[in-house]
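Here is a short walk through the model below. Keep the sequence and the 3D view open while you read.

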Amino acid sequence: MLQIKNLSFSYGNTPYILNNLNFELSDGKYISILGENGSGKSTLIKLILGLLTPTKGTIQNTFQQTAYVSQRFESLNKQFPITVKEVLTCYQKARHLPGSNLIAESLALVNMQEYADALIGTLSGGQFQKIFIARAVMGNPDLLVLDEPSNGIDIKSQNEIYQLIRSLNREKHITVICVEHNLKAAIRNSHLLYHMSNGIGHMCNPKNYINEYLMENTGVEEYVSI
Amino acid sequence: MFQYNFMQNAFMIAILISILCPLIGMFLVLKRYSMMGDTLAHASLAGVAVGLMSHVNPILGAFLLTSFFGVVIERLRRHFKNYAELILVVILSLSVGIAITLISSGAVHANVDSFLFGSILTVTSQDFYLVSALSLISLFIISQLYHSLMFMIFDEEGALIAGINVKWINYVFSILVAATISISIQIVGILVISSLIALPIATALQLQRGFKPTLLYGILFSFIDIVSGIFLSYWINAAPGGVIALVSVFLLLGVLTFQKIVCHAGPILKLAK
């Protein structure tokens, strides 16, 4: 379970980026965090991952193991000399994860067995994201945090990735926190949506979110079937 | 030439250097921090000067002072995140300042030229044992941290979240760079040590292989650079540092040319078939 109470954050003496956030995420849920650029989504994720310390308030995280899939494809050094298998091997060895067949199983999970010896720079955005999801779930995490998993990826790969994340949540019962710009995917896959705007957030259900989003961005309030 | 004791020592040290330099170089180059090698090489000159002045083995002096500067660089790198290269300039200025002041003031009663340009004539048995011990300890530590280092340079944020002690490993790595430089300066020379750290890896990267093959090719190229450099310098009676640097550059150019030819000839040969 993840419980966020009166959470505020600012860098030094600058104005608050996050202002008094409160929400609770129970085990096995899939939550998407939505909002405009600069609304504080990434900061919230960094706080949940423990990369930043709250200025005020608390984050109570009872999950045993958290895995993170960052949004790295665009910034990746495409000439980095590392194969898919080596990416997974160094993760397994550095974390001392047991299992002689773990890498093969992880590649099978994302249906990428034939790419084991491919250099990471030769992969497409979708393939790269799948490898990073495979790496993240290697240690059987109970919380998976993803940062815009469909960013810069074609529609076909997007569908495959969301199917994969959904099955990890629904079948393996891994709790998912996903920062999203893909409204359609968020509404289709999430149990809950957390809408952020100017450092303030609130929980809503997918149907209400559409109305709120339309009101905020177009001034029109009507239900659209997605 | 192997009838001479100094030549046997020099050759043994050369083998150790040819393994250690690319091993460290691989992580430095991929971290895009090759200039750290150059900065710490200059810092080692200050260490040599302090060692000679205080009658301590100059290699040990170089190791201690270079390790200190390595740790300082790592500490400041965290503080000045967006201006990391500035720290290298500061440390380089400080260490060269110490070295030149000590040497030019006459406080050091010895010739430091052999450390600047490299020399195989000055390798004593004591140096050999010290270098061997430092090399073996360094190789052992790298073998223990190999996968964590690989994970960190590929995805430092991911390593941090996965629970890898990134901060501690970065400090240990800084000391390993210092040890490698201290071990290498006597044969290769302070002025060209950074080329031996970066060039064999730059050459191996042209082959576009995975991490382990690139590292192994780097070690092979480094071995070719050092051994042929030592042999050639012996025959033409020149300082080994300069010859090793020249061989490294020519080998890189050779591999680049070979790759270009293969890239262009490949499709033509396919069409001919």
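How many residues has helix 8 of chain B, and how far does helix 8 reach from its first C-alpha to its last? Helix 8 (residues 166-188) of chain B has 23 residues and reaches 31 Å, close to the 33 Å expected at 1.5 Å a residue. The expected span of a helix is 1.5 Å times one less than its number of residues.

A word on the ground rules. This is a predicted model, so local features need pLDDT of at least 70 and side-chain atom pairs count only at pLDDT 80 or more, while totals for chains, interfaces and linings use all residues. Residues are numbered from 1 along each chain as its sequence is written, and chains are lettered from A and ligands numbered from 1 in the order in which they are written. Helices (H or I, at least four residues) and strands (E, at least two) are DSSP runs, numbered from the N terminus.

**Helix ends**

|---|---|---|
| helix 2 of chain A | His96(A) | near 55 degrees |
| helix 8 of chain B | Gly189(B) | near 95 degrees |
| helix 10 of chain B | Asn237(B) | near 55 degrees |

Helix 10 (residues 211-236) of chain B also passes the length check: its 26 residues should span 38 Å, and its end C-alpha atoms are 37 Å apart.

**Where the chains meet**

Between the chains, 16 residues of chain A are in contact with 20 residues of chain B (contact means C-beta atoms, placed from the backbone, within 7 Å). On the chain A side, helix 2 (residues 84-94) gives the largest share, six residues. That side divides into 11 nonpolar, two polar and three charged residues. Here Ala, Val, Leu, Ile, Met, Phe, Trp, Tyr, Cys and Pro count as nonpolar, Asp, Glu, Lys and Arg as charged, and the others, Gly among them, as polar.

Helix 2 of chain A is largely enclosed by the rest of the structure, because eight of its 11 residues are buried. Buried means that 20 or more other C-beta atoms lie within 10 Å of a residue's own (12 or fewer is exposed, in between is partly exposed). Among the buried ones are Val84(A), Leu88(A) and Tyr91(A). Their cover includes helix 3 (102-109) and helix 4 of chain A, together with helix 6 and helix 10 of chain B.

**The sheet in chain A**

Six strands of chain A form an open sheet in the order 5-6-7-3-8-9, with mixed pairing. Strands pair if DSSP finds at least two bridges between them. Strand 5 (66-69) and strand 9 (200-204) stand at the edges with a single partner strand each, so one side of each is left without a neighbour in the sheet. Strand 5 pairs with strand 6 (residues 143-147) in the parallel sense over four bridges; in strand 6, Leu146(A) is the bridge partner of Val69(A). Helix 4 (residues 125-136) of chain A packs on the sheet, touching both of these strands.

**A helix pair in chain B**

Helix 3 (residues 58-79) and helix 6 (residues 125-154) of chain B pack at about 30 degrees, axes 10 Å apart. Axes are lines fitted to C-alpha atoms, for helices over the stretch in contact, and angles run from 0 to 180 degrees between N-to-C directions. Phe63(B) of helix 3 and Leu130(B) of helix 6 are among the contact residues.

Definitions and conventions
Contact = placed C-beta atoms within 7 Å.
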